[in-house]
Amino acid sequence: MTETTGTTVEQVMAELAGLEDPRMREVNERHGDDHGVNLTKLRALAKRLKTQQDLARELWKTDDTAARLLALLICRPKAFERDELDTMLREARTPKVHDWLVNYVVKRSPHSEELRLAWFADPDPVVASAGWALTTERVAKKPDGLDLPGLLDVIEAEMKDAPERLQWAMNHCLAQIGIEHPEHRARAIDIGERLEVLKDYPTPANCTSPFAPAWIGEMVRRQQEKQ
């Protein structure tokens, strides 16, 4: 994607307002996301705008959730400084903005490892959850240098009573360790079974349960089927 010019924040905000759907907002607000824009339509708008770093920064400043989601789709992840990304994460009020910022921007940033370490130890559980999300990415893709038994120790000691967002991130890390690293699989399953985090989470019939032992079992089964 290339940089284009000429689009103003006012034009984009007007277009986002036109995409607002009150029923969709009602659904999203149940999950803590205060916007009513269909994400498929948001992605189509981003595709049309192409990459515009300056516009992305201006959209972020509006503090509007739909505008911030759009900003994360049209920005250049490598153009943000480390401190800028740290500030943005702390400003990300809603789960979807937080999730997209980590997955679409921070993971592609040259500062991702430095931020992973800083956020992992942050006293704010929402910020810490971003550190865990980046750690989970490394568990799957670049595990060398990670202390997997140490991560399991922390999860075993802290996940049960962790605040919701942090608990979800820890649980994902637990499942990923069990899925990707057979030598730790039995311990990961045992921790999940004893802590029972998300054991009763309502899961549609065609979806995988977030309960770590079930999640690990299903993903390992799929891996074995491919072999």
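Colleague: Is the crossing where α4 passes α5 left-handed or right-handed?
Modeller: α4 passes α5 in a left-handed crossing (near helix turned anticlockwise from the far one by less than a right angle; clockwise would be right-handed). Helices here are DSSP runs of H or I with at least four residues, numbered from the N terminus. This is a predicted model in which local features need pLDDT of at least 70 and side-chain atom pairs pLDDT 80 or more, while totals for chains, interfaces and linings use all residues. Residues are numbered from 1 along each chain as its sequence is written, and side-chain values use heavy atoms, without hydrogens and water.

Colleague: At what angle do the axes of α4 and α5 cross?
Modeller: Roughly 160 degrees, for α4 at residues 53-61 and α5 at residues 65-74, with the axes coming within 8 Å (lines fitted to C-alpha atoms over the stretch in contact, angles from 0 to 180 degrees between N-to-C directions). The two helices are therefore roughly antiparallel (over 145 degrees).

Colleague: Which residues of α4 and α5 meet?
Modeller: On the α4 side, Gln53, Leu55, Ala56, Leu59 and Trp60; on the α5 side, Ala67, Arg68, Leu70, Ala71, Leu72 and Ile74 (heavy atoms within 4.5 Å). The contact of α4 with α5 has nine nonpolar residues, one polar and one charged (Asp, Glu, Lys and Arg count as charged; Ala, Val, Leu, Ile, Met, Phe, Trp, Tyr, Cys and Pro as nonpolar; the others, Gly among them, as polar).

Colleague: What about α1 and α3, at what angle do they pack?
Modeller: About 155 degrees, with the axes of α1 (residues 9-19) and α3 (residues 39-49) 11 Å apart. α1 and α3 are therefore roughly antiparallel too, but α1 passes α3 in a right-handed crossing. α1 supplies Val12, Glu15, Leu16 and Leu19 to this contact, and α3 supplies Lys41, Leu42, Leu45, Arg48 and Leu49. By class, six residues of the contact of α1 with α3 are nonpolar, three are charged and no residue is polar.

Colleague: And how do α9 and α10 cross, at what angle?
Modeller: At roughly 140 degrees, with the axes of α9 and α10 (residues 148-158) coming within 12 Å. α9 passes α10 in a left-handed crossing. Trp132, Thr135 and Val139 of α9 touch Leu148, Leu151, Val154 and Ile155 of α10. That contact of α9 with α10 has six nonpolar residues, one polar and no charged ones.

Colleague: Which residues lie nearest the centre of the largest pocket?
Modeller: Pro95, Lys96, Asp99, Arg165 and Trp168, out of 32 lining residues. α2 (22-29), α7 (95-105), α9 (125-141) and α11 (164-180) each give two or more residues to the lining. α9 gives the most, with seven residues. The lining of the largest pocket divides into 13 nonpolar, eleven polar and eight charged residues.

Colleague: What volume has the second largest pocket?
Modeller: About 230 Å³. Lys107, Ser112, Glu113, Arg116, Leu134, Glu137, Arg138, Lys141 and Lys142 line the second largest pocket. α8 (112-120) and α9 each give two or more residues to that lining.

Colleague: Which element gives the most to the lining of the second largest pocket?
Modeller: α9, with four residues. The lining of the second largest pocket has seven charged residues, one polar and one nonpolar.

Terms used
Parallel < 35°, antiparallel > 145°, perpendicular 65-115°, else oblique. 1 Å grid on protein atoms, 1.4 Å probe; cavity = no way out; pocket = protein on both sides within 12 Å on 5 of 7 lines; lining within 4 Å. Points joined across faces, edges and corners; volume = space filled by probe spheres on them.
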